[in-house]
Each structure stands twice: as C-alpha cells, then as structure tokens.
Amino acid sequence: MSRMEPAADRRPDRGENMALAATALDELVNREYRHGFVTDVESDTLARGLDEDVIRLISRKKDEPDFMLEWRLKAFRRWLTMTEPAWASVHHPPIDYQDIIYYSAPRSMKAGPASLDDVDPELLRTYEKLGVPLKEREMLAGVAVDAVFDSVSVGTTYKAKLAELGIVFCSFSEAVREHPELVRRYLGSVVPYTDNFFAALNAAVFTDGSFCYVPPGVRCPMELSTYFRINAKNTGQFERTLIIADEGAHVSYLEGCTAPMRDENQLHAAVVELIALDNARIKYSTVQNWYPGDKEGKGGIYNFVTKRGDCRGANSHISWTQVETGSAITWKYPSCILRGDNSVGEFHSVALTNNHQQADTGSKMIHIGRNTRSTIVSKGISAGRGRNAYRGLVKIAKAAEGARNFTRCDSLLLGDRCAAHTFPYIEVKNPTAKVEHEASTSRIGEDQLFYCMQRGISAEDAVSMIVNGFCKEVLKELPMEFAVEAQKLLGVSLEGSVG
Amino acid sequence: MLEIRNLQASVEGKPILRGIDLEVKAGEVHAIMGPNGSGKSTLAQVLAGREGYEVTGGEVRYLGHDLLAMAPEVRAREGVFLAFQYPVEIPGVSNAYLLKAALNGVRRHRGLPELDAMDFLALVRQNMKRMGMADDMLYRSVNEGFSGGEKKRNEILQMSVLEPRLALLDETDSGLDIDALQVVADGINAMRGPERAVVMVTHYQRLLGHVVPDFVHVLSQGRIVRSGGRDLALELEERGYGWLDGAAAPQAGPPERAAP
Ligand SMILES: Nc1ncnc2c1ncn2[C@@H]1O[C@H](COP(=O)(O)OP(=O)(O)OP(=O)(O)O)[C@@H](O)[C@H]1O
Ligand SMILES: [Mg+2]
C-alpha cells in the first residue's frame with residue numbers, strides 16, 4: 001500500500017481513544033450472525049404478488065390522501081415499463097417480483113399504536129434483544145429511535161422532546177397523515193420515481209420509513225435513528241426515508257438494520273432522500289448488517305438501495321458514512337447533488353464482503369454550484385469468495401466554477417479467492433475544476449499477521465485489528481456508539497476468514 | 001531454557017539451516033554472528049514459528065516443552081519474544097492498541113488480570129520515558145513512518161513491556177545512532193536476570209561492548225561453525241569470517257565490518 005498523500009483530515013484523538021476503549025474485539029471473532037432470531041408475532045400479511053389492487057390496498061391500510069395513491073400508481077405504471085439494471089458487478093438468479101409479499105405488519109399494529117405504551121410487548125422485546133430498547137425508562141440516552149418492523153413503524157422515542165423544538169421525527173405513514181404539505185412538497189424531489197427500477201418499485205409499494213423535518217436555525221440536540229428489522233418470511237422491505245434540514249438546521253441521523261437468518265433471499269429496496277437548504281447540515285450514518293447468507297451463499301438479503309442528498313441551498317453540507325457488512329448483495333451509491341454554491345458533499349464508506357457476499361457500492365458527486373467541494377473515501381475489504389466493487393461518478397457541470405473533488409479508494413484482500421474492482425467515472429465540463437483520484441489494493445500481509453501473532457495475538461484478532469486499522473479513517477466519522485458497534489461487526493463478519 | 005538439537009529448516013524447498021545445535025540456559029546472553037545470508041534470521045523466525053519456514057529435522061525444547069509444536073501466538077504468550085530485523089508497519093493500528101492487546105493476551109495466558117487503559121498507559125509511559133521516546137509514538141500507527149532507529153527502539157519498548165523469558169533480538173543494534181545504541185543496550189541489560197535469557201544476532205562488536213555476552217557463536221551456511229566467549233567476537237572483528245573452518249565469506253557485497 002504505497003500512498004503519498006497523508007489522510008485528508010487528521011484527527012487522531014477520538015480514533016485513538018476509541019481504539020483503546022474497544023477492548024471487546026477478542027470475544028467477537030467467534031460469533032455467528034447475532035441477530036438471526038425470528039419474532040413470533042401474528043401478522044397481517046397480504047398475499048404474494050403485485051398489481052394496482054395491492055397498491056390501492058397498501059394506500060388504504062395507511063389511510064393515505066389521494067395524492068399519495070396517485071403518485072404510487074404513476075410510479076407503478078412507470079415501473080412496469082422498466083427493466084432491472086444489469087450494469088452492476090453482481091450476480092444473482094432472476095427475482096420473481098410476483099413471488100414477494102409487499103405488505104406485512106404485526107397484527108397488534110393494525111390501528112397504529114397511540115404511544116409506545118401500546119406497543120406489543122413481544123415487539124418491544126425484539127428491539128431490546130437487538131440492543132435498541134424503546135421503553136421510556138431504558139431508552140438510549142441521546143438517541144431518538146424510530147423502529148421499523150417489516151412494513152411498519154412500531155414506535156418513535158423522544159418524540160415529545162423533539163416536538164418542543166419544532167422538529168418532526170416520526171414514521172413516514174404518520175408524516176403523510178399529519179404533515180401532508182411537507183411530504184407533498186419534498187417527496188420524490190431528490191429521487192423521482194422515474195429514477196431507476198428499484199426507486200420506481202419503492203415509490204409504488206413503500207410501506208413505511210422515517211420522516212424528519214428540522215425547522216430553520218434548529219440544531220437537533222440528539223442523534224436521530226431508525227432501526228429497520230425484517231422479520232416476516234418472503235417479505236420485501238421497501239421503506240422510504242425523507243429528511244429535510246431547513247435553513248441553518250443541523251441534524252445527525254443513524255440507520256441500523258438486521259434480519260433473521262433464512263434460506264431464501266429477501267429483497268430490500270429502500271429510498272432515502274435528504275434535502276439541505278441554505279447553511280444546513282445533514283450527517284447520515286449507516287451500519288448495515290442485514291443477514292448476509294450462510295457460508296455457502298444460501299439466503300441473505302438483496303439490498304438494492306437508492307440514497308441521494310440534495311445540497312439545495314448555499315453553504316449546505318451533506319455527509320454519508322456507511323459501514324456495510326451484511327446482505328448477500330449490496331447495490332447502493334449514496335450521492336450528493338451539490339446545487340447550492342459552496343456546498344459540500346462527503347462519502348465515507350467501508351464495505352466488507354466475506355464468503356459469497358457481493359457488494360457494488362460507491363458514490364456520485366454531482367457538482368452544479370460554484371466552489372462546491374466533495375470527498376469520497378471508500379474502503380473495500382474482501383474475504384472468502386467475497387466480491388467488492390467500487391463504482392463512483394464525479395460530475396462537474398459547466399457552471400460549477402472552482403469545484404473540487406478528492407476521491408480515494410482502498411481495497412484490502414484477505415486470501416486469494418476474493419476480488420476487488422474499482423470503476424471510477426469522471427466527467428468534467430468546467431476547466432477550473434480540480435478532481436483527484438487515488439486508488440490502492442493490498443493484501444493483508446503475512447508479515448503483518450506474523451508480527452501480531454509474535455506479540456501473542458491470535459490470527460483472527462490480528463486480522464480484525466489490521467482491518468479496523470485499514471478502516472479507521474471512516475470509522476472515526478461515525479458517532480461514538482456506532483463506531484464501537486461497527487468495529488465489532490467487522491470482527492464478527494470476518495469470522496473464519498483466516499487459517 | 002532453550003535446547004536446539006540438529007535443527008534443519010528449508011525455505012521454499014531450499015535448505016537454509018543445516019543442523020544447528022545450541023543450548024541456552026536461564027540467565028545467559030548469547031550472541032550470534034556470521035556472514036550475510038548464513039541463516040541467522042531464519043533461525044530466529046523458525047524459533048518464533050513463522051509460516052513458510054519448514055522444519056525438516058531436529059528438535060527444539062523450550063522450558064522442557066516441544067517448542068516447534070506450539071502455535072506462534074502461544075510461543076509468544078509463553079515468553080518467546082522476537083525483535084524483528086525489519087519491524088512491520090501496520091497502518092491505522094496504534095502502537096498503544098497493539099501493545100495493549102499483546103500485553104493483555106500474555107497476562108490472560110499467565111492467569112493475571114488484564115490491565116485497564118489507565119494502568120496500561122502508566123506502565124507504557126514509564127518505559128517510554130526510560131527509553132527517551134516521545135509520547136506521541138504511542139498514538140502513531142505501528143512502525144508507520146518510523147525511522148529505522150525508531151523502529152528498533154519500538155521493538156525494545158515492546159520487549160520491556162511484555163517481559164519475555166527468552167528474547168531473540170535480530171540485529172536490533174543495526175542503524176542506531178550512538179545514544180540510541182546505549183538506550184537499546186540498557187533495555188537489553190534490564191532484561192537480564194536469572195529467569196531470563198537473551199539471544200542476540202549482531203554484526204557489530206560495539207553492541208557487545210554494552211551488553212557483554214556469555215557466549216558468542218558463528219553461524220555460517222546454516223551451521224554453527226565456532227562457539228566461544230566474548231573474545232571470539234573480538235577476534236572476528238579483527239580477522240573477519242574467512243579463517244574459520246567451513247565459514248564462507250559473504251556472498252555478495254563487501255564484508256560487513258565494524259560500522260563507521
Ligand atoms: N522467504 C525466503 N525466500 C527465499 N529465500 C529466503 C527466504 N528467507 C530467507 N531466505 C534465504 O535464506 C538465506 C538465509 O537468510 P537469513 O535472512 O536467515 O540470513 P541472515 O544470516 O539473517 O543474513 P543477514 O545478516 O543479511 O541478515 C539467504 O540466502 C536468504 O536469501
Ligand atoms: Mg538477518
């Protein structure tokens with residue numbers, strides 16, 4: 001790994017303390033997928049298959065205003081004319097979209113819980129087991145959580161406290177009912193339903209997700225978080241997240257996800273839209289740990305996600321940080337449209353593939369405004385027979401005077417059956433732009449491993465340590481609690497990849 | 001403590017060690033000298049258990065146990081420490097993190113409680129101070145961007161913290177300035193004790209002035225061709241290796257003599 005450039009932004013302290021604090025690494029490497037249990041709840045589930053009636057039914061179950069139904073139907077009709085994208089560097093058997101269940105909700109949720117006290121205790125226990133307690137007394141300090149179970153949101157914590165500041169943080173369904181004007185104004189304004197095959201499908205059938213609006217000048221005092229859980233069998237999860245930071249607002253949002261271990265592949269096709277107005281700032285962090293399938297590649301989630309942020313206002317700032325360790329297939333490119341002058345887009349990513357996992361991920365930075373800046377740091381780790389592709393687009397429009405991009409993609413290979421590829425696309429239409437791209441590929445050195453082992457560290461711990469070191473620049477972008485969790489995940493996900 | 005009998009080893013099918021016999025008792029310091037390519041580092045790596053170095057004959061007993069049957073990390077936890085001729089860089093992993101994991105691994109193995117971050121830092125800082133190392137070295141990535149001398153010092157720091165029973169030092173004195181040599185020598189001398197032993201590979205007489213060995217051995221073409229006391233080193237300094245039975249002159253480059 002020969003690299004001349006120092007890390008763009010050296011802030012050693014937090015990372016160092018984090019490294020010291022996270023002593024738990026040792027116990028991790030021997031754990032299986034921890035979140036693979038199934039919750040036994042009675043569910044209200046539609047029959048398999050998709051047609052306009054299913055969409056009408058979903059919309060009716062959610063009590064939606066007409067504009068929503070119309071929008072869904074338009075999306076569906078558009079989807080029928082589209083084909084699955086074939087350009088990604090992933091392989092899977094054809095998906096039968098008529099064999100998927102498009103709506104499943106715990107029966108107890110039928111009317112929608114009035115408050116967290118009304119939520120089925122079995123559901124509360126599920127989230128507790130996942131380390132996300134929702135009950136008032138045990139709630140995570142400093143993190144407001146919206147918990148999404150299969151197709152619906154089961155509850156949102158700290159709602160009242162946020163409301164005092166004028167912050168709306170609730171399930172998407174509730175937002176459609178309570179704040180239709182905001183939804184109508186912003187929904188589809190970043191990712192229109194015409195955008196791509198999966199975005200169109202999502203627009204037609206999405207069942208829930210999180211909604212957040214931070215009013216002008218408000219800095220959200222806590223992390224907002226959604227925890228997505230797929231429980232029901234043969235169910236697709238299609239959630240939609242919409243976050244709006246009004247002028248001068250700041251918000252940091254975390255997303256976590258898990259699913260039970262099942263032999264069949266399950267489809268997850270989400271859409272996330274972020275909108276930052278003048279001087280607003282949105283930080284969006286993901287730790288994605290969907291079930292990756294077993295060692296032979298059976299089962300696992302197909303994670304086909306469209307995430308895009310629109311720096312609509314001047315001096316706005318959107319940053320994406322993701323740690324992707326789960327899913328059988330990951331297909332996602334969190335992007336920024338840098339429309340406002342002086343706006344800033346960032347993408348920091350760790351994607352790990354082990355066994356038969358495949359990841360095709362990266363980012364798009366579309367520079368439109370003047371003096372817009374973007375940074376992409378992508379760390380791909382492949383082990384076993386894992387396949388990892390970075391795919392990135394940096395586009396500088398004609399008007400983007402003085403735009404700058406810096407991209408770095410590093411790949412780390414463990415073993416000789418895995419693969420890493422890099423596909424950078426660069427389009428520059430303004431001669432004043434500066435675009436830099438660096439890439440490196442390295443193998444975990446046998447000499448590094450031996451050095452650690454000679455100091456008494458087991459091979460698995462050594463791998464975990466070296467991998468965490470490789471990812472450090474990205475991990476330090478995560479909020480503290482998430483960083484520790486992400487470090488553990490990297491250890492668990494690499495289990496059995498050495499020796 | 002360490003008994004090596006007729007040890008033979010190959011790398012990529014090529015025999016490198018061709019029958020080594022060596023006994024090291026607790027409390028002793030042995031120096032191993034010999035021309036470039038004679039197998040000194042190979043011996044150290046084989047003792048530490050490096051993959052790819054195939055033992056084709058002989059045996060090694062360490063504290064009465066079959067050393068060659070132990071996994072490398074177990075050898076380390078049992079107190080075998082190798083200071084590498086070329087310490088390895090590990091980007092993104094701080095010196096402190098590696099050393100803490102190593103120390104607690106050793107402590108667990110010995111049935112001692114693990115040190116928490118505070119106690120660990122106190123212990124390391126104390127050692128660093130003695131070795132004249134700046135505090136920020138703790139938070140820098142392992143050996144990344146360290147100068148040659150800093151890397152060697154770092155190996156000795158790790159040794160001081162881990163307190164091994166058998167220290168194998170592979171040219172830890174190479175590339176050190178005069179002050180650093182003194183610091184490293186002090187570190188090694190601090191390791192000396194009735195319970196411990198040191199085997200140090202060196203090309204230079206000057207280290208032996210600071211750390212006086214009990215025995216000096218000359219390795220040549222995979223065999224120990226001469227053993228003696230401290231005087232042997234002085235004689236080698238004077239006469240080179242050519243006069244020894246079966247010793248070959250270095251195969252490439254000028255013979256390494258006393259450093260300027
Ligand atoms: N991994 C390897 N692959 C091929 N040959 C090797 C390997 N490691 C060592 N050798 C060879 O084994 C022989 C002994 O090497 P070794 O490093 O043990 O020598 P040394 O005595 O330590 O030399 P120096 O004084 O230069 O450090 C050399 O000829 C070297 O080229
Ligand atoms: Mg050597």
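**Stop 1: a helix in chain B**

Select residues 95-109 of chain B: this is helix α3, whose 15 residues reach 21 Å from the first C-alpha to the last, close to the 21 Å expected at 1.5 Å a residue. The expected span is 1.5 Å times one less than the number of residues. Helices (H or I, at least four residues) and strands (E, at least two) are DSSP runs, numbered from the N terminus.

Before going on, some ground rules: this is a predicted model, where local features need pLDDT of at least 70 and side-chain atom pairs count only at pLDDT 80 or more, while totals for chains, interfaces and linings use all residues. Residues are numbered from 1 along each chain as its sequence is written, chains are lettered from A and ligands numbered from 1 in the order in which they are written, and side-chain values use heavy atoms, with hydrogens and water left out.

Now colour the helix by accessibility. α3(B) is mostly covered, with twelve of its 15 residues buried (buried means under 20% relative accessible area, exposed over 50%, partly exposed in between, with a 1.4 Å probe and protein chains only). Among the buried ones are Tyr97(B), Leu98(B), Leu99(B), Lys100(B) and Arg107(B). Step just past the end of α3(B) and you'll find Gly111(B), with a positive phi of about 75°.

**Stop 2**

Pick ligand 2, the magnesium ion. Which protein atoms are its donors? They are OG of Ser41(B) and OE1 of Gln85(B), lying 1.9 to 2.2 Å from the ion. Donors here are N, O and S atoms within 2.8 Å of the metal (3.2 Å for Na, K and Ca), and water is not among the atoms, so sites may look incomplete. The two residues come from distant parts of the chain, 44 residues apart: Ser41(B) belongs to helix α1 (residues 40-48), while Gln85(B) is in the loop between β6 and β7 (90-94) of chain B. Are these two buried or partly exposed? Ser41(B) is partly exposed at a relative accessible area of 22%, and Gln85(B) is buried at 17%.

Next, select ligand 1 and show its surroundings. There are 16 residues around it, and the closest are Gly37(B), Lys40(B), Ser41(B), Thr42(B) and His203(B); a residue makes that list if one of its heavy atoms lies within 4 Å.

- His203(B): a polar side-chain atom is 2.8 Å from an oxygen atom of ligand 1.
- Glu171(B): a side-chain N or O atom is 3.2 Å from an oxygen atom of the ligand.
- Tyr53(B): a side-chain N or O atom is 3.5 Å from a nitrogen atom of the ligand.

**Stop 2: two sheets in chain B**

Switch to cartoon. An open sheet of six strands runs in the order β6-β9-β10-β3-β11-β12 (chain B), with mixed pairing. Its edge strands are β6 (80-83) and β12 (223-228), each pairing on one side only. Two strands pair if DSSP finds at least two bridges between them. For a close-up, zoom in on β11 (residues 215-220), which runs antiparallel to β12(B) over five bridges; there, His217(B) stands opposite Ser227(B).

The other sheet is open too, with four strands in the order β2-β1-β4-β5 (chain B) and antiparallel pairing. Its edges are β2 (14-24) and β5 (65-66). Eight bridges join β1 (residues 2-11) to β4 (residues 53-62), and Ser10(B) stands opposite Glu54(B) in β4(B).

**Stop 3: over to chain A**

Select residues 271-276 of chain A. This is strand β11, and six of its six residues are buried. Both faces are covered: Val271(A), Glu273(A) and Ile275(A) sit on one side, with Val272(A), Leu274(A) and Ala276(A) on the other.

Last, find Asn430(A), in the loop between β23 (419-428) and β24 (434-443) of chain A. Asn430(A) counts as buried, at 3% relative accessibility. Its side chain makes a polar contact of 3.1 Å with that of Glu401(A). Such a contact is a pair of N or O atoms within 3.5 Å; within protein, one must be able to donate a hydrogen and the other to accept it, and residues adjacent in sequence count only if both atoms are side-chain atoms.
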